[in-house]
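Work through the exercises below with the sequence and the model at hand. Each task is followed by a solution in steps.

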Amino acid sequence: QVQLVESGGGLVQPGGSLRLSCAASGSIFSINAMGWYRQAPGKQRELVAAITSGGTTNYADSVKGRFAISKDNAKNTVYLQMNSLKPEDTAVYYCNADVWSNGRYLEVWGQGTLVTVSS
């Protein structure tokens, strides 16, 4: 089994910053990619940012220049630094990982962490 544990969500004023963390644990041989998705009330879940094992990153247009994804391979942890936050960034943020575990690839999701941007 592989688990993802997220942390770092909360309430922040517009223009503020937050840093999300997601740690993977369990029977992990390798991690192909990790990413962050978000789901706002009444909307579909959408990709925010992703990073591959080689360090290639991908961002949603709405967060380019404001968010930065990074990883610590030794800790199997991915981070999302969110700057210049806007009310429209309010959502539950989910960590996602494509993991090689026990001879097969798994897609694993975290439980989600709420980010609220409001004055």
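Two strands pair if DSSP finds at least two bridges between them. Strands (E, at least two residues) are DSSP runs, numbered from the N terminus. This is a predicted model, in which local features need pLDDT of at least 70, side-chain atom pairs count only at pLDDT 80 or more, and totals for chains, interfaces and linings use all residues. Residues are numbered from 1 along each chain as its sequence is written, and side-chain values use heavy atoms, with hydrogens and water left out.

**Exercise 1. The open sheet**

Task: State in which order the 4 strands of the open sheet follow one another, and find what stands opposite Arg 19 in S8.

Solution. Step 1: the order is S1-S3-S8-S7, with antiparallel pairing. Step 2: strand S1 (2-7) and strand S7 (67-72) are the edges; each has a single partner strand, so one side of each has no neighbour in the sheet. Step 3: on average, neighbouring strands of this sheet are turned by 15° against each other, direction ignored (axes are lines fitted to C-alpha atoms, and angles run from 0 to 180 degrees between N-to-C directions). Step 4: S3 pairs with strand S8 (residues 77-82) in the antiparallel sense, over 6 bridges. Step 5: the residue of S8 opposite Arg 19 is Gln 81.

**Exercise 2. The disulfide**

Task: Locate the disulfide formed by Cys 22 and Cys 95, and determine its handedness from the S-S torsion.

Solution. Step 1: a disulfide is a pair of cysteine sulfur atoms within 2.5 Å; the sulfur atoms of Cys 22 and Cys 95 are 2.0 Å apart. Step 2: by this rule the count is 1 disulfide. Step 3: the pair links distant parts of the chain, 73 residues apart, with Cys 22 in strand S3 (residues 18-26) and Cys 95 in strand S9 (residues 91-101). Step 4: the torsion about the S-S bond is about -85°, so the disulfide is left-handed. Step 5: buried means under 20% relative accessible area, exposed over 50%, partly exposed in between (1.4 Å probe, protein chains only). Cys 22, at 0%, is therefore buried, and Cys 95 is buried at 0% as well.

**Exercise 3. Rings and charges**

Task: Classify the aromatic pairs found in a search of the whole structure, then say which ring lies under Arg 45.

Solution. Step 1: rings of Phe, Tyr and Trp (its six-membered ring) pair if their centres lie within 6.5 Å; planes under 30 degrees apart count as stacked, over 60 as edge-to-face and the rest as tilted. The search gives 2 aromatic pairs. Step 2: Tyr 37 and Trp 109 have ring centres 5.0 Å apart and planes at 65°, so this pair is edge-to-face. Step 3: Tyr 37 belongs to strand S4 (residues 30-39) and Trp 109 to strand S10 (residues 104-109), so the pair ties together parts 72 residues apart in sequence. Step 4: for Trp 100 and Tyr 105 the centres are 4.8 Å apart and the planes at 65°, so this pair is edge-to-face. Step 5: a charge sits over a ring if NZ of Lys or CZ of Arg is within 6 Å of the ring centre and within 35 degrees of the ring normal. Arg 45 lies over the face of Trp 109, 4.7 Å from the ring centre. Step 6: the charged end of Arg 19 sits over the ring of Tyr 79, at 4.1 Å from its centre.
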